[in-house]
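This report looks at aromatic side chains and the charged groups placed over them. The sequence and model follow.

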Amino acid sequence: MKLPYHTMPLRIAAYYAVCAGLWVLLSDRLLGVAVRDPDLITNLATAKGWLFVAVTALLLHVVVRRFVEEVTRREELLRERNEELCMVEEELRQQLDESERNQHELRESEENYRLLNAELEQRVRQRTAELEQTNREMESFSYSVSHDLRAPLRHIDGFSRVLLEDCGDQLNQEGKGYLTRICAAANRMGQLIDDLLQLASVSRSELQRRPVDFSNLARTIALELKQTDPEREVTFTIAGGVSALGDPVLLRVVLENLLGNAWKYTGKNPRTAIEFGAVEGEEGRVYFVRDNGVGFDMTYVGKLFTPFQRLHAMDEFEGTGIGLATVRRVVERHGGRAWAEGTIGVGATFYFTLGESYRLAESEEG
């Protein structure tokens, strides 16, 4: 057990006094008992004294050296502690300097943030004004397309039909075929104008979010499609209780295009099956329209939702290539996405999501 530093000298002195007293007392008695010659006792006593002095000196040397070593060791520890304290003090000083620099940089960042925020607000106001100007131009363009282009098309179609009716007897089959193609092209152009106007209105119209009964809407569209060709054998399978929160007009556009495409691309099937429903996926509720029509090659799936891109020739199936682009635009405006899967000769399935809108619809209905 190591003695406390401040009591060590006192304890050493006490031990030395006890040991020296016992030595003197015991050695004198032993000499008196063992030796009878006075001269020999005197010589032994003298030798004993010198031995006591030598042993005492040696003990003092050992004790003093250990004491000095202990003092030296403690001074070394104290010096190391002082060095550690100096290092800690230096680290604290550096941290203080770094903290001051960070505060200065933070003040500069805050100032730069105010300036950037003001600049951003200015840019937002400028872009808003530009967007409003663009919307006005789009409205003007839409009005021009709707009125100025439709009149020539109506004239082309009307005069072509008059020629067929009034002068059909004077034309050969080739001439009649040309006039028929002119009428068909005018009708396709009119349909393209309608689709472009619908796409433009989808992009700029303000969303009016309300609960939408998808199941009932799909049944209504299916009934309208059946009325266009009552002779077709088409089985519609529409899941019940499917709802969402969104713009009723725009969501009707989505279902009209998807169910209309399913109706169109199953036109050559003797028995048609078209299904509408919803499943839960990683992105939330996923709505789908599935058919057993001609399908498509997945190599070209990236073209499906691009305007004017068609995977089937005009002489096979009519269309302008705008419908699916409109579907994607509506879905993205609702915070979702659209995609498709298909197999040639087997059919196709079109999927879309609407973000979190369906949960809001369910909570409102609840």
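Are F236 and W263 buried or exposed? In this predicted model, both F236 and W263 are buried.

## Aromatic pairs

Eight aromatic pairs are counted here. F236 and W263 make up a stacked pair, with 6.3 Å centre to centre and 10 degrees between the planes. The centre distance falls within the 6.5 Å cut-off for pairing, and the plane angle is under the 30 degrees set for stacking, so the pair counts as stacked. Because F236 belongs to strand 2 (residues 234-238) and W263 to helix 5 (residues 248-265), the pair ties together parts that are 27 residues apart in sequence.

Y287 and F352 form an aromatic pair that is also stacked: their ring centres are 5.2 Å apart, and 25 degrees lie between the planes. Distant parts of the chain are linked by this pair, since Y287 sits in strand 5 (residues 284-291) and F352 in strand 7 (residues 347-353), 65 residues apart. Y287 and F352 are both buried.

## Charges over rings

Two tryptophan rings carry an arginine over the face. R232 lies over the face of W263, 4.2 Å from the ring centre. W263 is also the stacking partner of F236. R337 lies over the face of W339, at 4.0 Å from the ring centre.

Terms used. Residues numbered from 1 in each chain as written. Predicted model: local features only at pLDDT ≥ 70, side-chain atom pairs only at ≥ 80, totals over all residues. Heavy atoms only, no water. Phe/Tyr/Trp six-rings, centres within 6.5 Å; stacked < 30°, edge-to-face > 60°. Helix = DSSP H or I, 4+ residues; strand = E, 2+ residues; numbered from the N terminus. Buried < 20%, exposed > 50% of the residue type's maximum accessible area, 1.4 Å probe, protein only. Lys NZ or Arg CZ within 6 Å of the ring centre and 35° of its normal.
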